[in-house]
Amino acid sequence: MLFFKEWIDAGFTYISDVFQDGKFIKPTYLLNKLTAKQKWITQYSKLQRAIPKLWKEILATGYNINTKTNFAPQIYTCKNLYWELVNDKAETSYAPMIWNHVIGINPEWETIWTFKIKNMPVKKIAQFNYYLLHDKIPHKQNLRKWKISVTDVCDDCSMLENCLNYMYECKRVKTYWDKISTIFSVILGLKFEIKLKHIICGHALGEMAHENQNIIIMVAAFAIYKTKILKHKYFEHVLTEELCIINRFKNNTFISDFIKYL
Ligand SMILES: [Zn+2]
């Protein structure tokens, strides 16, 4: 939800409303719609600055089953602030402070960092992992803090939408994770229940035997984020699309079986 009353009155309700053809709306378009125009310049530039770069990228790409996603090593040539942050050791100490408290365990953060960010070849997922580990994903509590939303209440369950609710506890999300757990149990032939700690820290991360499960859990978390930003209905659609792209390169039976059951 946007923060400016004048904009809401003019029909701009969600972030996606201020994007047209993948670009932030033009001032002329805004001015045609706004009735109260007094503060438009400040509001326009404020909002443009407030929207994280990754959202702009996602909104620019749009959701299209034929979209070619860059699962490619060219990301390593990308020199921007993000990669400088990733390579900055000081940053690694910040995530444990948030999550050790919430999950109540003390995992090997260096491994998590390496698997989920440093060695993650899909840049948009690495970026998402970075945001997740630092609790910078656009849940309502953050949006309110960033003055993009007036409320911190979840649209689906009317509870406080913090990282926990957004990624795991909210009913719609929990049903989705339960479905993934069930598919894992079927394929593995043993009971496997995905918990929040798996979403943040992975399951025996770094061990080859669990690599496919960890990839799926990671992409499944990304799918929640992308689906919510794009205001789509089913997390499964994005998850299937992203896994298909990854599996074009990996050609892994665990992942293709998983997609079939999804
Ligand atoms: Zn909720």
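Visitor: Leaving aside its neighbours within four places in sequence, which residues is A10 in contact with?

Guide: A10 is in contact with K33, L34 and T35, where contact means that the C-beta atoms of two residues, placed from the backbone, lie within 7 Å. Please keep in mind that this is a predicted model, in which local features need pLDDT of at least 70 and side-chain atom pairs count only at pLDDT 80 or more, while totals for chains, interfaces and linings use all residues. Residues are numbered from 1 along each chain as its sequence is written.

Visitor: What makes A10 count as partly exposed?

Guide: A residue is buried if 20 or more other C-beta atoms lie within 10 Å of its own, exposed if 12 or fewer, and partly exposed in between. A10 has 19 C-beta neighbours inside 10 Å, and therefore it counts as partly exposed. Its place is in the loop between α1 (5-9) and β1 (19-20), and these labels come from DSSP runs, numbered from the N terminus, with helices being H or I of at least four residues and strands being E of at least two.

Visitor: Why is N251 called exposed?

Guide: N251 has 9 C-beta neighbours inside 10 Å, so it counts as exposed. N251 is found in the loop between α14 (235-250) and α15 (253-261), and its phi is near 50°, a positive value in a residue other than glycine. Most residues other than glycine have a negative phi.

Visitor: And what makes D135 partly exposed?

Guide: D135 has 17 other C-beta atoms within 10 Å, so it is partly exposed. D135 lies in the loop between α8 (123-133) and α9 (140-145), and its phi, near 50°, is positive as well.

Visitor: What makes α13 mostly covered?

Guide: Of its 20 residues, 16 are buried. In the chain, by contrast, buried residues make up 29% of the 262 residues.

Visitor: How many residues does the largest nonpolar core have, and what is meant by such a core?

Guide: A nonpolar core is a set of buried Ala, Val, Leu, Ile, Met, Phe, Trp, Tyr and Cys residues joined through C-beta atoms within 7 Å. The largest one has 43 residues, and those with the most contacts inside it include I125, V219 and F222. The largest share of this core, 12 residues, comes from α13.

Visitor: Why is α8 described as roughly perpendicular to α13?

Guide: The two helices pack at an angle of about 80°, with their axes 10 Å apart. Angles of 65 to 115 degrees count as roughly perpendicular, under 35 as roughly parallel, over 145 as roughly antiparallel and the rest as oblique, and so α8 is roughly perpendicular to α13. Axes are lines fitted to C-alpha atoms, for helices over the stretch in contact, and angles run from 0 to 180 degrees between N-to-C directions. Where the helices meet, I125, F128, N129 and L132 in α8 face M218, V219, A221, F222 and Y225 in α13.
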